[in-house]
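Student: Could you show me how to read the features of a model, one at a time? I would like the general idea, and then the case at hand.

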Amino acid sequence: MADQPLLRLTDINRHYGAIQALKGASFEIRHGEIMGLVGENGAGKSTMVKIIGGFDTGFTGEYFYDGEIRQFSGPTAAEQSGIAIAQQELSLIPTMSVAENIFLAGDGVPQVASKGYLARKAKPFLEEVGLGHINPLRATNRLSVGEQHLVEVARLIAHNPQVLILDEPTAALGETDSIRILDMVGRLKERGKSVIYVSHRMDEIFKICDRITVLRDGESQEARAAKDMDVNSLVELMLGFELGDMYPERKTIKRTEPVLKVRDLWPDGILEPINFDIYTGEILGLAGQLGSGTSEILGAMAGSTKSRGGSLHFQGKEFLPSRPKDAIRRGIAYCSEDRKYDGLFLGRPIMENMSAPALEKISKNGILNGARERALATENAVKFTVDPKRLPQEAGVLSGGNQQKVALGKWLSIAPKVILVNEPTRGVDVGARAEIYQILRELADHGAAIVVASTDIQEITNLPDRIISFYRGVQIGELALEDMTSANILEMITDPFHEAGIAVSEKES
Amino acid sequence: MTDVTAPTDDLKFVQRIRRDYSPLVIAMVGLFVVIFVAGAVFTDDFLTWFNIKTIIRDAALVGIMAIGLTFVTLSGNFFLLSMKEIAALSIICFATLMGADWNQWGAGEGDPTTSALVMTFSVAFLATMIIATIAGAAQGALIGLGGNPIVVTLGAAGLFFGIGSWWSDNLVVSYRRPHGAEWLGTGSFIGDIPNITVAFIIIAVVAELTLRYTTFGRQVYLVGANRAAGRATGHENFGMAIKCCIIASVCAAFVAVAFSGQVSSAHVNYFSSEFGSSGDMTIMVIAIVMVGGNSIMGGYGSTLRTSLGAIFISTVDNMMVLNGFNSGARVLAVGLMIVFSIIVFALVRRGSRAVE
């Protein structure tokens, strides 16, 4: 009995349009086991989690649970069978008390129950997750984010699940709250529960997991015991070798005359002035870890980050944009890494988002031309496969992937010659990622010059035609297409000077 | 991949209302309608032509100021807390110039001719507008450079009031009738509809069209909805703040001129003590913007809402007057309406995804 897995998925396939998120992937977990599920962004982790939790029913393959083959109709069905999933986004009601949130589903408690009764019932579950010191009658929004995550888990535990899925529970948490989560996972294991632990944090994975399943590009590796692996071998498994079809094919580029020359640009946060050239038709990658300065460089080129000096040579003119308007007017578009901060007008219709940079184009003598605006927005929405019927909706209702497509797609309205993109696919699902890559490549093929900064090692390996790498505010070097392997890039962005103590494994993706 | 939102087209009116507005807002509008209907039924003389004219005329002065202020609020620059002080400075400026010896045109003896009156009025009016523009631009520039709107406009309020008070020696400045400003204060060209009412309607329509169909209007919304994204797409708040503050200031000055035309005089305290049901013009104007349901954070709302807010407050006020409530009770009612609408719209915003 002990050898038979509690949950086993075999040969799972899942398509999103043309994109295959999972390709014959398998997954299993035994009774009382903590299984780590790791993989790069877009490897299929969230798809796998959604399938296990019953959120995604459009897959093919065998779902075996608790001794029989199952086909859940939805998350509620899965939950009733004992599979609970704690998602990254909180689903608590902030104004209700902790106890009320725990019994939100209404089962296990009478229809009419006093607050005191609920509080008494909630107490043991709170203790279970290490929140015994919290008054169950407190409003949930008075708790810290970490505590709220724990309350969410407590609510799931109240249903007494057999399998608990934690999807990056510590992504938004500080150190102390993370430790609470890890402690709680340990206690669950002692009580014979199975936990699927999805995380990017290597140290946590090795601290608590019994076995680890690696997903790479939609394919799964055989689950291995955590003690047989170290961080290096795990990273190797995650990165793998070549990545498949997600990344569009690269054409040979004739580099004759640079379209944009960056000369002695010295943005704040960079140690010394930098120089590089950008050519028409290429995607240039700026590789570097968080804090390496690539964001500042793009920001300075677009006029949204301050710089100490330097200039851009573009279309026969030498200038340094002091505000984004200067760059936009010359046809340089910049899409920042934080679309919610300065990429989107969430409360305004998608149409207004799409036309925001090009108001001059859609107006005459200061009067907006509604027809021209609709035509322009529709054209660009179609290019980015955003349904034009949704143009009147608020941008805030879109999913992360579609929001990113709008944030990027709005720049097509100015027909930019140079497009600067920072983290083109942060927080974007695998399907939209592929679409965004495809569109960037098409734009480059049609004569735009594109600069992409990314901390995602797969993206930076497979998308650009050329890479310039940065390390702690210093320009390290340039890699041509033939030298662009993950290993080379990793070395250049994590340990270019071969200093002691900086291992490849400490890469944060 | 795909979102779980229904497609937008082909919805019935009721469904569209339910999609676009939260239940709280619908409930509030419903409550207002109920109050209105109940008041109309139980108040004698309420639905008469004369009374409706009175309501809209009362709404006109505060309404014009509130429409100007709406631009500031929509562009995400909060409020000008100096509205009544701008008006106070403007009214002193206008009245002083109206009565100034050098500004009396035409022959010295007998009644002045129409053209002489027009000249006198035009000079005073233009000078007042220029001063208001400067006052607005200065505040807007400070706000646009990153100054906190509350601090900047509170400081400016003291400054403007001080200048007005000093200039007029804190006395009433009066000027002789006929003086060329009666047409705006009390006159009517179209039947018995007061000109100030016509001005209110024209300004409301022009403001709404501006917001909807001009580049400037779109920029107001975009910068108000997300200042950082506005900057990133080439719409800086600096220029926006200046333009919007100028609009608000000019509207305040226009109201000051119209009011002075009514009473043929001016005093710095006209807008602090002797005006409207709550006495304080700034509070009344902010109340109207709020009751209209414009977002305090900017990016959402319209001057149409503001105009309706002005008429609504004026209606309730009028109803209470007809039913014999004293001014204290009327101030209380206005206060309740502000609190109520602030709470409702704050709750709505907390629940909305737009302000994550």
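Tutor: Gladly; let us begin with burial. In H14(A), the buried residues are A:Gly401, A:Asn402, A:Gln403, A:Gln404, A:Lys405, A:Val406, A:Ala407, A:Leu408 and A:Gly409. A residue is buried if 20 or more other C-beta atoms, placed from the backbone, lie within 10 Å of its own, exposed if 12 or fewer, and partly exposed in between. Helix H14 (residues 400-409) of chain A is thus mostly covered, with 9 of its 10 residues buried. Helices (H or I, at least four residues) and strands (E, at least two) are DSSP runs, numbered from the N terminus.

Student: What should I know about the model itself?

Tutor: This is a predicted model, where local features need pLDDT of at least 70 and side-chain atom pairs count only at pLDDT 80 or more, while totals for chains, interfaces and linings use all residues. Residues are numbered from 1 along each chain as its sequence is written, and chains are lettered from A and ligands numbered from 1 in the order in which they are written.

Student: How many helices and strands are there in chain A?

Tutor: Chain A has 17 helices and 23 strands. Its C-alpha atoms fill a box of roughly 75 × 55 × 45 Å along the principal axes. For 509 residues, a compact globule would have a radius of gyration near 23 Å, and the 25 Å of chain A agrees with that. The radius is taken over C-alpha atoms, and the globule rule is 2.2 Å times the number of residues to the power 0.38. Of the 509 residues, 48% are buried.

Student: And to what does the secondary structure of chain B come?

Tutor: Chain B has 15 helices and 2 strands. Its C-alpha box is roughly 80 × 55 × 35 Å along the principal axes. A compact globule of 356 residues would have a radius of gyration near 21 Å; chain B has 21 Å, in agreement. Buried residues make up 48% of its 356 residues. Among contacts in chain B between residues at least 6 apart in sequence, 79% join residues at least 24 apart. Two residues are in contact if their C-beta atoms, placed from the backbone, lie within 7 Å.

Student: How many residues does the contact take from chain A and from chain B?

Tutor: Chain A gives 36 residues and chain B gives 28 residues. On the side of chain A, helix H10 (324-329), helix H11 (339-342) and strand S19 (367-368) each supply at least two residues. By class, that side has 15 nonpolar, 11 polar and 10 charged residues. Ala, Val, Leu, Ile, Met, Phe, Trp, Tyr, Cys and Pro count as nonpolar, Asp, Glu, Lys and Arg as charged, and the others, Gly among them, as polar.

Student: How do I describe two packed helices?

Tutor: Packed helices are described by the angle between their axes and the distance between the axes. Take helix H3 (residues 49-74) and helix H14 (residues 303-322) of chain B: their axes come within 8 Å and cross at roughly 140°. Axes are lines fitted to C-alpha atoms, for helices over the stretch in contact, and angles run from 0 to 180 degrees between N-to-C directions. H3(B) and H14(B) are therefore oblique to each other. Angles under 35 degrees count as roughly parallel, over 145 as roughly antiparallel, 65 to 115 as roughly perpendicular and the rest as oblique. The contact includes B:Ile55, B:Ala59 and B:Val62 of H3(B), and B:Ala310 and B:Ile311 of H14(B). By class, this contact has 8 nonpolar, 10 polar and 1 charged residues.

Student: Which residues does A:Ile419 touch, not counting those up to four places away in sequence?

Tutor: A:Ile419 touches A:Ala333, A:Trp411, A:Leu443, A:Ala448 and A:Ile450 on that count. A:Ile419 sits in strand S20 (residues 418-422) of chain A, and it counts as buried because it has 23 C-beta neighbours inside 10 Å. A:Tyr334 is 85 residues from A:Ile419 in sequence, but 6.0 Å from it in space, C-alpha to C-alpha.
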